[in-house]
Structure formats: structure tokens, C-alpha cells
Amino acid sequence: MLPKDPYILLSFVNTKLRDEFETLEDLCAALDADPQAVSDTLAALDYRYDPAYHQFI
């Protein structure tokens, strides 16, 4: 399950992407989450997924 708070979600997702997963899609598949929902939530904080860096920046 993913954190509900957007700022905690940002930290959680970026840590998982850095340490365990190659792509956002891999992370979401493992956690049974919707990549678009994660992206939309973090876009509200003005963060976008950058596949070149494997993180939200």
C-alpha cells in the first residue's frame, strides 16, 4: 500500500525507485498501484517522473 500523504508518497516512491525498481511501472506493478494515479498525485505538487533519472523531480 502506498502512503496517502503526497509528500510522504514522493519520498517513498523516489526511495523505492532508487533502491529497488528500474521504472515507475515496475514499482506500481509490484505494489498493485496505478502509475497514472501516482503521477497525478505528485503532479499536484509540481513533480514529474523523469525516466532518465528514475525519479520524480
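The model is predicted: local features need pLDDT of at least 70, side-chain atom pairs count only at pLDDT 80 or more, and totals for chains, interfaces and linings use all residues. Residues are numbered from 1 along each chain as its sequence is written, and side-chain values use heavy atoms, with hydrogens and water left out.

L9, L10, V13, N14 and L17 are the buried residues of helix 1, where buried means under 20% relative accessible area, exposed over 50% and partly exposed in between (1.4 Å probe, protein chains only). Viewed down the axis of helix 1, these buried residues fall within an arc of 120°, so they line one face of the helix; the arc is that of the directions from the helix axis to the C-beta atoms. The face turned away from the buried side of helix 1 carries the exposed residues Y7, I8 and R18.

The 14 residues of helix 1 should span 20 Å at 1.5 Å a residue, and its end C-alpha atoms are 20 Å apart, which agrees; the expected span is 1.5 Å times one less than the number of residues. At the start of helix 1, a side-chain oxygen of D5 reaches to within 2.9 Å of the backbone nitrogen of Y7.

## Helices 2 and 3

In helix 2, the buried residues are L24, L27 and C28. They cover an arc of only 95° around the axis, which puts them on the same side of helix 2. Their packing partners are helix 1, helix 3, strand 1 and strand 2, while A29 and A30 are exposed on the face of helix 2 turned away from its buried side. D32, with a positive phi near 55°, follows helix 2.

Helix 3 has V38, S39 and L42 buried. Down the axis of helix 3, its buried residues fall within an arc of 95°, so they line one face of the helix. These buried residues of helix 3 pack against helix 1, helix 2 and strand 2.

## The nonpolar core

The largest nonpolar core comprises 13 residues, and those with the most contacts inside it are V13, L17, L24, L27, V38, L42 and F56. Such a core is a set of buried Ala, Val, Leu, Ile, Met, Phe, Trp, Tyr and Cys residues joined through side-chain atoms within 4.5 Å. Helix 1 (6-19), helix 2 (24-31) and helix 3 (35-43) each supply at least two residues of this core, with the largest share, four residues, coming from helix 1.

Neighbours within four places in sequence aside, L17 is in contact with T23, L24, L27, Y49, H54, Q55 and F56. N14, also in helix 1, is buried with a relative accessible area of 14%. Residues up to four places away in sequence not being counted, N14 touches Q55 and F56.

## Aromatic residues

One aromatic pair is found in a search of the whole structure. The rings of Y49 and F56 have their centres 5.4 Å apart and their planes at 55°, so the pair is tilted; rings of Phe, Tyr and Trp (its six-membered ring) pair if their centres lie within 6.5 Å, with planes under 30 degrees apart counted as stacked, over 60 as edge-to-face and the rest as tilted. F56 is buried, with a relative accessible area of 2%.

F21 lies in the loop between helix 1 and helix 2 and is buried, with a relative accessible area of 19%. Residues up to four places away in sequence not being counted, F21 touches K16, D26, L27 and A30.

Methods
Contact means heavy atoms within 4.5 Å. A polar contact is a pair of N or O atoms within 3.5 Å; within protein, one must be able to donate a hydrogen and the other to accept it, and residues adjacent in sequence count only if both atoms are side-chain atoms.
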